[in-house]
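Open the structure in your viewer and keep the selection tool at hand. The stops below go from the whole chain to single residues.

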Amino acid sequence: MQGNFLTYLYVVPILGFVIWYWRRHGRLEQASLAALKAATEAGMLEPPTLHPEIDHTICIGCKSCVSACPEQDAHAVLGMIRKKAWLVGPSDCIGHGACKAACPVGAIKLVFGTSTRGIDIPVVKPNFETDVPGVFIAGELGGMGLIRNAVEQGRQAMESIKTLLKEGHSNDHDLVIVGAGPAGLASTLGAKEAGLNTVTVEQEELGGTVAHFPRRKLVMTQPAILPLVGKMKFKEVQKEDLIDYWREVEAKTGIRINYSERVDKIEPVPQGSGYVVTTNRASYNTRTVLLTIGRRGSPRQLGVPGEDLPKVTYRLIDAEQYRNQHVLVVGGGDSALEAATSIAAEPGTNVTLSYRSGAFSRAKPKNREKVEAMVADKRLRVLFNSNVKAIRDQDVVIEVGDRSGKLKNDAVIISAGGILPSAFLKTIGINVETKWGTE
Ligand SMILES: Cc1cc2nc3c(=O)[nH]c(=O)nc-3n(C[C@H](O)[C@H](O)[C@H](O)COP(=O)(O)OP(=O)(O)OC[C@H]3O[C@@H](n4cnc5c(N)ncnc54)[C@H](O)[C@@H]3O)c2cc1C
Ligand code: SF4
């Protein structure tokens with residue numbers, strides 16, 4: 001009788017805990033294996049920025065890193081396989097570094113690049129100046145990701161530039177700032193505070209990479225100081241609210257940013273000091289340049305007649321705006337497939353996806369399956385081995401194999417990848433170092 005009582009009191013709860021623990025552990029292992037398999041099949045094994053390298057000889061399998069990763073709720077970034085931590089979603093890692101801080105045994109190192117894919121990082125002095133005198137870099141382009149770091153660096157770079165400009169110069173402008181993500185916004189505010197004659201140009205819109213986050217994404221950040229404004233206090237904020245806050249700052253402080261203006265060339269002033277910055281709209285003669293262009297680069301263009309028509313864009317903002325329209329999406333990566341399927345899901349749309357190769361080998365299986373299902377339902381048309389030849393007001397001319405034809409068209413979305421900033425930096429003469437899995 002007493003034996004039975006003790007069994008109920010001690011053994012059953014312990015047994016229950018062990019079963020619960022193994023089930024939970026097993027579920028995490030299954031999810032981790034599935035995430036790693038999906039990333040491997042899609043060829044998405046290369047982290048885009050700073051990421052953890054886990055030493056499995058030191059890892060004790062405590063899972064602290066998995067719990068600490070702020071991206072984990074949205075994607076399986078870190079996982080547990082055979083009681084060790086693994087980076088199971090490398091392409092979703094954005095370099096928060098919370099895993100390293102959480103690891104109790106120092107098993108995690110944060111590195112750039114991998115042994116198979118090098119990452120180019122420009123060489124920048126502690127005052128943010130590159131080895132090209134008068135050309136500065138701040139924000140993610142310099143290697144350090146995250147919004148708070150970008151804001152802080154943008155502000156600090158302005159302190160160095162201000163000092164340099166005390167020497168005076170004979171150029172039309174003190175400074176051209178390229179890019180209006182968090183680093184460009186903070187430095188534009190800093191330039192206004194310092195009373196500098198500045199031009200800020202942005203090829204797209206305010207917010208940089210943040211403007212491209214998925215709708216309603218929860219942004220995890222740290223407080224940072226914006227010149228003229230003070231402390232930006234957010235820790236967790238939805239993407240749209242953060243962008244709205246930055247827009248209010250822009251309006252309230254009266255800073256001016258030239259949108260839809262892309263810098264194509266930066267060259268030394270012939271027989272003088274400073275630089276000529278050439279954009280798709282104008283050219284500026286300036287003493288200094290601050291590059292806050294991030295690492296996403298510029299969207300790759302098709303280079304076909306009509307690409308400058310207002311109906312052509314390089315990313316999808318809102319699928320609903322294409323209701324009842326004939327839309328052409330160009331590209332074969334995840335963003336092209338996601339744009340095509342979300343527009344095709346809207347009522348009254350007639351969507352064609354054009355890709356120059358014969359298969360979507362670069363896209364995630366879940367996106368490929370969605371496209372196949374929509375094609376089977378006749379809600380989406382895919383043209384493999386096709387090339388856009390011209391974009392016109394009412395239609396597009398497209399070549400499929402050796403045949404050419406016309407498609408009725410109201411809007412074109414080009415998702416053909418980007419041109420990485422390292423090539424651009426090299427044209428300016430900035431020294432770039434390639435990191436292969438090093439700190
Ligand atoms: C999916 C994802 C989720 C993320 N989540 C978070 C998060 O939760 N918290 C966090 O802190 N960080 C997050 N990050 C990282 C963060 O977004 C970046 O580190 C930060 O935006 C970098 O700021 P930046 O100003 O240096 O560059 P960017 O934000 O990349 O801005 C650069 C700007 O320069 C412009 N530009 C580029 N080339 C030119 C040119 N030639 N001419 C004119 N303009 C040009 C671009 O259009 C862009 O607007 C995330 C990143 C990604 C990809
Ligand atoms: S926190 Fe460190 S020890 Fe714990 S699972 Fe992650 S890498 Fe391993």
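This is a predicted model: local features need pLDDT of at least 70, side-chain atom pairs count only at pLDDT 80 or more; totals for chains, interfaces and linings use all residues.

**Stop 1: the whole chain**

The C-alpha atoms fill a box of roughly 100 × 60 × 40 Å. Of the 439 residues in the chain, 46% are buried.

Next, display contacts between residues at least 6 apart in sequence. Among these, 67% join residues at least 24 apart.

**Stop 2: ligand 1**

Select ligand 1 and the residues around it. How many residues surround ligand 1? There are 30, and the closest are Glu140, Leu146, Glu202, Thr209 and Met220. Colour this shell by residue type: 13 of its residues are nonpolar, 11 are polar and 6 are charged.

Then colour by secondary structure. Helix H4 (147–165), helix H5 (182–193) and strand E9 (218–220) each contribute at least two residues to the shell.

Three polar atom pairs can be picked out one after another:

- Select glutamate 202: one of its polar side-chain atoms is 2.6 Å from an oxygen atom of ligand 1.
- Select isoleucine 147: a polar backbone atom of this residue lies 2.9 Å from an oxygen atom of ligand 1.
- Select glutamine 203: here a polar backbone atom is 3.1 Å from a nitrogen atom of ligand 1.

Show the surface of ligand 1 next. Taken alone, ligand 1 exposes 1000 Å², and the protein buries 91% of that.

**Stop 3: two backbone angles**

Most residues other than glycine have a negative phi. The last two selections have a positive one.

Select lysine 83, in the loop between strand E2 (78–81) and strand E3 (84–87). Lysine 83 is not a glycine, yet its phi is positive, about 65 degrees. Is lysine 83 buried, partly exposed or exposed? Its relative accessibility is 49%, so lysine 83 counts as partly exposed; exposed would need over 50%.

Finally, select asparagine 324, in the loop between strand E18 (312–313) and strand E19 (326–330). Asparagine 324 has a positive phi of about 65 degrees, although this residue is not a glycine either. Asparagine 324 counts as exposed because its relative accessibility is 60%.

Notes: Residues are numbered from 1 along each chain as its sequence is written. Chains are lettered from A and ligands numbered from 1 in the order in which they are written. Side-chain values use heavy atoms; hydrogens and water are left out. A residue is near a molecule or strand if one of its heavy atoms lies within 4 Å of it. A polar contact is a pair of N or O atoms within 3.5 Å; within protein, one must be able to donate a hydrogen and the other to accept it, and residues adjacent in sequence count only if both atoms are side-chain atoms. Accessible areas come from the Shrake-Rupley method with a 1.4 Å probe; for residues, only the protein chains shown count as cover. Helices (H or I, at least four residues) and strands (E, at least two) are DSSP runs, numbered from the N terminus. Ala, Val, Leu, Ile, Met, Phe, Trp, Tyr, Cys and Pro count as nonpolar, Asp, Glu, Lys and Arg as charged, and the others, Gly among them, as polar. Buried means under 20% relative accessible area, exposed over 50%, partly exposed in between (1.4 Å probe, protein chains only). Contact means heavy atoms within 4.5 Å.
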